[in-house]
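The stops below go from one selection to the next.

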Amino acid sequence: MNKDAQMRAAINQKLIETGERERLKELLRAKLIECGWKDQLKAHCKEVIKEKGLEHVTVDDLVAEITPKGRETGFAMLPRLVLSSRTQAILLPQPSRLLG
Amino acid sequence: MKMEEMSLSGLDNSKLEAIAQEIYADLVEDSCLGFCFEVHRAVKCGYFFLDDTDPDSMKDFEIVDQPGLDIFGQVFNQWKSKECVCPNCSRSIAASRFAPHLEKCLGMGRNSSRIANRRIANSNNMNKSESDQEDNDDINDNDWSYGSEKKAKKRKSDKNPNSPRRSKSLKHKNGELSNSDPFKYNNSTGISYETLGPEELRSLLTTQCGVISEHTKKMCTRSLRCPQHTDEQRRTVRIYFLGPSAVLPEVESSLDNDSFDMTDSQALISRLQWDGSSDLSPSDSGSSKTSENQGWGLGTNSSESRKT
């Protein structure tokens, strides 16, 4: 719905403005490394590279192969914990100012 | 306005969660992308496969998980039973005893020099006492002991018996005897008198207490005024060893009483008998001993004046 899209956009913008998004991104990266998501993904990368051959790997190839898998496993790894802290972060800025 | 009505508080929780999920998805995708860039750079720069090793060495350094072994595969007390060959004496010694053995074997290190010194002093003593005996078969030993005896005699004569220095050093070292060299080796508190010859015994009795302890059967090596033994005991010991004419060495040397000038030994013996009859037991405190000694000194002085 349009309203939701607008809402989402507004929230995103707010996050970026306050720098909260960066903070969340760093937090997420740290958590992913901790739970071994990165190592998993690295092993997958190695397989892909061995298939394709070391010399001929391109960024696009890698992205196309790895991102879907990464997204799936990332979702599986970090369910509720991160969400709740993020919802707090979202709720921090005052509601009326979101659409100002 | 419609937009103003759209406040977060108006949203219900599920929508909030949905929005949060989307934001999370965006973040994860960003991380994936970032990761891809890293990997691609690593591949192109050639350091992507650096942390891999070949499977052979991987197998060599695998973590060991067997009972009785540590993770490197080593046995726990392997070195207990190992034996090393000593390069000096070519004996095989247990590993845990190897270092002390080597110290003794090579003759280096603190302990071994101490023991060697003690042995030398011991053999000096032995040889000196043996030289007085008639039946000494070994001529070499005789020569050597004669030389050491000469040396020992010379050493003793270096110390002037009347010099004040001697009494001072004896005063300071109350319980220990470091004045006379032949007894330097003696770190314990007693000497067993059976190993001493008569000359040695005499010299010992002139400088040390010499009272034989009941339980260790050893002579006391403390000073002549040691508080653990009475003069009566000392006199008894001297009589026992040197015959009935033996006197306490305080007779011949001026230790604490500088004004004490003894000429007549018999008079002193009678004086000693008078003081010895006070008969204090060794368990008395040191203060009572010193008071007794002082009394004796005073008594001798007064009797000295009486004599003259």
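This is a predicted model. A search over all chains of the whole structure returns two aromatic pairs. For one of them, select B:Phe48 and B:Phe49: the rings are arranged edge-to-face, with 5.1 Å centre to centre and 70° between the planes. Colour the two residues by accessibility. B:Phe48 is buried, at a relative accessible area of 4%, whereas B:Phe49 is partly exposed, at 26%.

Next, the cysteines. How many disulfides does a search of the whole structure find? The count over all chains is zero. Select B:Cys220 and display its sulfur. The closest cysteine sulfur belongs to B:Cys226 and lies 3.8 Å away, which is too far for a bond, because a disulfide needs the two sulfur atoms within 2.5 Å. Is B:Cys220 buried or exposed? B:Cys220 is buried, with 7% relative accessibility. B:Cys226 is buried too, with 2%.

Centre the view on B:Ile71. In chain B, this residue sits in the loop between helix 3 (55-60) and strand 1 (83-85). B:Ile71 has a relative accessibility of 48% and counts as partly exposed.

Key:
Residues numbered from 1 in each chain as written. Chains lettered and ligands numbered in written order. Predicted model: local features only at pLDDT ≥ 70, side-chain atom pairs only at ≥ 80, totals over all residues. Heavy atoms only, no water. Phe/Tyr/Trp six-rings, centres within 6.5 Å; stacked < 30°, edge-to-face > 60°. Buried < 20%, exposed > 50% of the residue type's maximum accessible area, 1.4 Å probe, protein only. Helix = DSSP H or I, 4+ residues; strand = E, 2+ residues; numbered from the N terminus.
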